[in-house]
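Work through each task before reading its solution.

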Amino acid sequence: MLLSCTKLRSALAFDPLGGNEGWQSGVGRQAGAPMIVRRRGNKAEADGGIVLLPTPPRRRRLVGGAPRQRSGCNAGFVCLLVVLFSAGLLVEFLAYQKLGSSPAAAPVPSHAASTNDGAVADNKHPTPKQNARPPTKHPTKVNAGTFEPTPKNKGWRLRAALKETNDKIGFWKTHDPDPVPPLPPDKDPETGAELPPVIAYVTTLTKCGPKHRGGLDGAAVLLHSIRRNSYGWVPIEEQMEKAGHSVTTTEDMRPLYGGKGGRYRYRAYVIVDPQASPDKTGKPGECARFLQKIGYTVLHRPPIVPLFELTDEGGGHYAELKNQGFVGMQRPADGPTAPRPGEGPDKLRMMMYNDGCCGYTEMLKLHVYGLIEHKLAVHLDFDSLVLRPMDDLLDTMLSENHEEARRQLPLAKLPHSKTVDLSRPIDAAFTRDYNSVKTPRPDAPVGYQGGFLVVKPSLDVLERYRTILRKGEFLLNPRTGWEGKHGGFYGDVTFQGILPYYYEHVAPEGEHNEAEMDRCVFNQMGDNPRKSTYKFPRATPLDPEKMGFRDTKACRDGRKDCSDTDCQRTHPKDSITTHFTFCKKPWDCSDGNPGTVVLDTCLGLLKEWYSIRRELEDWWMMPEVDSVVVKRDSLNNQQSFYWKESTIAKVRKAQSGAYKQHLGYCEALGPDAQYHRMVDPDGPKT
């Protein structure tokens, strides 16, 4: 390589023999014949003779510069780097082939950071006076399509995944899954009257780091939104009147919806991954300890099935996990669901490790099926909010005598919506995520939205999910999903894909009576039913020229007309639960997507979140009075969590930010603006 570069330099060297007569005298040259000259330093070969040539002056840099180095040294050095780099690539490729291929998860869908969604104007939800910030007309190019696998991971990613997985699994050598605490009595101990069932409300904590701190406020506000819409809750105004407690909260700061109790009792759980366990000292355990402090019951849960094969020895629950096998261990070696050519042994497992919002740990949500102590369990993400009681849906899932009520439920009527048997109770309720569909068409696979699920717990169903994971029949190359039927969308290889695969292809026919709910009523995200000319899902712009994108005629659910599911224009008063995705997180001081039709809807939902946070803080500051506890159990008893004067002063300061439309919890708008986090409670006063 170096020799060829030197020859190339010699061939391209400066030839001084052209155009100057003083250089054209030589030996043995015939008159009028051209002289062929090859330079060799200050000599030249010319038609077999030697010509002495003056040495050309050395080129120097401008005044103050050093002499220019010879180009041959530079070329040789570059060539050497090329050889070393090529050798490095070859070694890495051979190592990668040895470890097995493992492409990364599909990129996070656009709505995770998009500015979409809209709604009907309401004079109680005024639009802020601000200019819309149009997005870049040419989005940043990504490695692959939004929901396609990215290029192959390097071998070190597999080693890192194995290490992290083994570290977490090691927790179960010394721990067992937490038992569900006994439920409160079914009858009132004083009157003997029957009490309503206790509904399990579940959320999941997989990590605890600085970026998760805002989500803790979300979990606290979510819990209070459940509390104020459940059995036994006394409206806050009545509580304050009986306690003789006055607050600075004005009428326009109070929540507009719900808050008058409901027909069902509740208990709140948080399923915790070992790396976020409250048993961990320091910051990794802070999140779970905070959730325990404010009223969540922590449940440590292992993976449904270990992601990788367990090779260590250990007793207790670790031995049980080892006996369960691991993902893909029972996959057939041949047939239609066998691994495709070029699919490494760990490819599927690495896809699960990286997939969706939380990787394989999102499968912990499936433990909601294991809460058999409860008749019903509801899973909601931290960034969700209960606006009004879900009583009508819960009625139709618990009783045989609500056929007429089932007819009134806001069921989805979309291409994938299954016909619900209204003569018998519903046993699962969900919404679909049409925004994750890459190419909308009526028969395109669509995942369930991972932030909302209501089920009747069943250990049989939980065991079927284990069987699905052990088989691991998720087809790749091309990525067509579970048995080639559910794939090609965000979260397809984990939670959002395994749910529809189970209900539509694995569950015994007729066993379940699942219902797809209207996503503008339950799990309302304010999403646009149509595709946008922008790369990612976006809300309908009020001024397409200014914003740089517009709606297309294509409906995301594959229909020709989707105006009946325009959640952008659904007023908050018509929704029961909401999920802050398109409207963005309240703790990111969301601007509500100005310049689009979703602005009023987002501002209304955000205002309700801040108002419920304000009510929670007022409730925690209210002195405990026995006379206020009327028809309530310990879940609703006021705890006086803020009772130290120094703590109350911090709470008031957190409510005094500059941006009053968000009730003073933000200094300005946008994720870079200062958000005032909730003050940690003092705990019950003793």
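For sorting residues, Ala, Val, Leu, Ile, Met, Phe, Trp, Tyr, Cys and Pro count as nonpolar, Asp, Glu, Lys and Arg as charged, and the others, Gly among them, as polar. The model is predicted.

**Exercise 1.** Sort the lining of the second largest cavity by class.

Solution. 
1. The space in this cavity is about 50 Å³.
2. Its lining consists of Tyr 201, Ile 226, Asn 229, Ser 230, Tyr 264, Val 386, Pro 389, Met 390, Asp 391 and Leu 394.
3. Sorting gives seven nonpolar, two polar and one charged residues.

**Exercise 2.** Which helix gives the most to the lining of the largest cavity?

Solution. 
1. The structure has five cavities of 30 Å³ or more, and the largest holds about 70 Å³ of space.
2. Among the residues lining the largest cavity are Ile 236, Glu 237, Met 240, Ser 611, Arg 614, Glu 615 and Asp 618.
3. At least two lining residues come from each of α5 (236-243) and α14 (599-621).
4. With four residues, α14 gives the most.
5. By class, this lining has four nonpolar, two polar and five charged residues.

**Exercise 3.** Is Asn 523 buried or exposed, and which side chains make polar contacts with its side chain?

Solution. 
1. Asn 523 sits in the loop between β13 (514-516) and β14 (530-532).
2. Buried means under 20% relative accessible area. Asn 523 has 2% relative accessibility, so Asn 523 counts as buried.
3. The Asn 523 side chain makes polar contacts with the side chains of Thr 431 at 3.1 Å and His 579 at 3.2 Å.
4. Beyond four places in sequence, the residues in contact with Asn 523 include Gln 449, Gly 451 and Phe 452.

Methods. Residues are numbered from 1 along each chain as its sequence is written. This is a predicted model: local features need pLDDT of at least 70, side-chain atom pairs count only at pLDDT 80 or more; totals for chains, interfaces and linings use all residues. Side-chain values use heavy atoms; hydrogens and water are left out. On a 1 Å grid over the protein atoms alone, a cavity is a set of points where a 1.4 Å probe fits but cannot get out, and a pocket is an open set with protein on both sides within 12 Å along at least five of seven lines; lining residues have an atom within 4 Å of a point. Grid points are joined across faces, edges and corners, and a volume is the space filled by probe spheres set on the points. Buried means under 20% relative accessible area, exposed over 50%, partly exposed in between (1.4 Å probe, protein chains only). A polar contact is a pair of N or O atoms within 3.5 Å; within protein, one must be able to donate a hydrogen and the other to accept it, and residues adjacent in sequence count only if both atoms are side-chain atoms. Contact means heavy atoms within 4.5 Å.
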